[in-house]
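Please open the model in your viewer and keep the selection tool at hand. The tour below moves from one selection to the next.

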Amino acid sequence: MLFTRIHTYYFPMRKEELKNRLVGNHLRIHNLDFEILEREKKLSIIPHAEQIDATMTLPITSVVFNEEGNQTKVTVTSRMRQLDSGGPMLIMTFCAFMFIISMLLYSQNRESNLAFTLMGISTSILTLFSIRLQLGYFDYIRKVREYVKNKANAVAESSFPLAHA
């Protein structure tokens, strides 16, 4: 839930057109292949991580289509793979405990130097962790989301060529 991102878009086309445009395609981000599959009335964008040896945190994205009148509501939900969620949650828990301990030490007026040191270490670890997530995990999410938007916009532009004149 902490690393889940949900985005909603509206496109002026039928959901079948958009699904056909996306299903079966492959997406390449940072030399990593993502495959788009249709599962249970939604699309899943799944990374092929078998080909890499490095430890990476990767998203699994689901795309749900709902027709609302003459528009299609597209909900793009990206979640961290279950396999990858252990490390980030461990780092968050460790930093939270360090921060709580530093606040307890500071509030009891004992060991204020240690309290500030623990708070600084916790803040530094969280800052570096968030930068790493922004450059890796959340970058994959942004690029998958842009891919879905670009495919839908390409369909919309080809369906209505005079709309942008």
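Select phenylalanine 3 and phenylalanine 129 to begin: both are buried, a word used here for under 20% relative accessible area, with exposed meaning over 50% and partly exposed in between (1.4 Å probe, protein chains only). This is a predicted model, in which local features need pLDDT of at least 70 and side-chain atom pairs count only at pLDDT 80 or more, while totals for chains, interfaces and linings use all residues. Residues are numbered from 1 along each chain as its sequence is written, and side-chain values use heavy atoms, leaving out hydrogens and water.

Now show the two rings, whose centres lie 6.4 Å apart with planes at 80°, so the pair is edge-to-face. Rings of Phe, Tyr and Trp (its six-membered ring) pair if their centres lie within 6.5 Å, and planes under 30 degrees apart count as stacked, over 60 as edge-to-face and the rest as tilted. Because phenylalanine 3 sits in the segment before strand S1 (5–11) and phenylalanine 129 in helix H3 (residues 112–135), the pair ties together parts that are 126 residues apart in sequence. Helices (H or I, at least four residues) and strands (E, at least two) are DSSP runs, numbered from the N terminus.

Tyrosine 106 is partly exposed at 44% relative accessibility, and phenylalanine 116 is partly exposed at 47%.
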